[in-house]
Each structure stands twice: as C-alpha cells, then as structure tokens.
Amino acid sequence: MASNFQILTFKTKNSLRLKLDGDFDGNSAHELINTLIEHSAGLWDIFIDTNNLKTIDPFGIDVFQKNLNGIKRELKNLIFVGANNHKIAPD
C-alpha cells in the first residue's frame with residue numbers, strides 16, 4: 001500500500017461510502033477490494049469517492065479491475081464519484 005493511502009468508510013442502513021485518499025497503487029487496489037468484500041454485504045448502494053486521490057498508478061487500476069471482476073456479482077450498485085472516477089471505474 002502506498003504509505004499515504006487510506007480508505008475512510010461511512011456506512012448507513014443501506015449504503016456504504018468509501019472515500020479514497022492518497023496515492024493509488026497495486027497494494028492500495030488490494031486494500032480497496034478487501035474493504036469492499038468486508039463491508040458491502042447486504043448493502044444496496046456502494047459509492048467510491050475518488051476526489052482525494054493524488055496519483056493513480058496504471059498498475060493499481062489493472063489490479064483493481066481484475067480483482068473486481070471476481071466480486072462484482074456480489075455488489076448490487078457500485079457507483080464511482082469524484083474527479084478521478086473515470087480513471088478507476090471499470091469500462
């Protein structure tokens with residue numbers, strides 16, 4: 001994980017908001033996948049806020065998108081928001 005990367009989680013009854021902060025690399029991608037697995041059960045909307053990402057490593061994007069394919073069916077409504085959403089969201 002990038003030394004300055006963190007995920008802030010905000011959970012409500014039916015939704016989860018993950019606010020990404022710092023540099024997004026391969027280890028950060030694994031942390032995001034693990035957070036999704038750990039916190040998304042039974043939730044309808046999951047928002048991933050990309051506004052506070054400083055740098056985004058292409059390898060991190062690849063790692064995230066490849067691992068996301070394995071858990072996508074368990075996530076009901078995954079919504080990417082923020083200035084960097086187009087860089088991380090799957091095609």
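Tutor: Gladly, beginning with the surface. The accessible surface of the chain comes to about 5,100 Å², and 48% of that belongs to carbon and sulfur atoms. Such areas come from the Shrake-Rupley method with a 1.4 Å probe, and for residues only the protein chains shown count as cover. This is a predicted model, where local features need pLDDT of at least 70, side-chain atom pairs count only at pLDDT 80 or more, and totals for chains, interfaces and linings use all residues. Residues are numbered from 1 along each chain as its sequence is written, and side-chain values use heavy atoms, with hydrogens and water left out.

Student: Which pattern does the chain follow along the sequence?

Tutor: The chain reads β-β-α-β-α-β-α, with three helices and four strands. Helices (H or I, at least four residues) and strands (E, at least two) are DSSP runs, numbered from the N terminus.

Student: What makes the chain as compact as a globular protein of that length?

Tutor: The radius of gyration is 12 Å, close to the 12 Å that the globule rule gives for 91 residues, so the chain is as compact as a globular protein of that length. The radius is taken over C-alpha atoms, and the rule is 2.2 Å times the number of residues to the power 0.38.

Student: Why is D49 called buried?

Tutor: Buried means under 20% relative accessible area, exposed over 50%, and partly exposed in between (1.4 Å probe, protein chains only). D49 has a relative accessible area of 5%, so D49 counts as buried. Of the 91 residues of the chain, 42% count as buried.

Student: Where does D49 lie, and what is D49 in contact with?

Tutor: D49 lies in strand β3. Leaving aside neighbours within four places in sequence, its contacts (heavy atoms within 4.5 Å) are R17, L18, K19, L20, V81 and G82. K19 has D49 as its bridge partner in β3.

Student: How do you know that β2 and β3 pair?

Tutor: Two strands pair if DSSP finds at least two bridges between them. Eight bridges join β2 to β3 (residues 45-56), and these strands run parallel, so by that definition they pair.

Student: What joins β1 to β2?

Tutor: Six bridges join β1 (residues 6-11) to β2, and the two run antiparallel. A hairpin also links them through three residues, and F10 stands opposite R17 in β2.

Student: What makes β2 mostly covered?

Tutor: Seven of the ten residues of β2 (residues 15-24) are buried.
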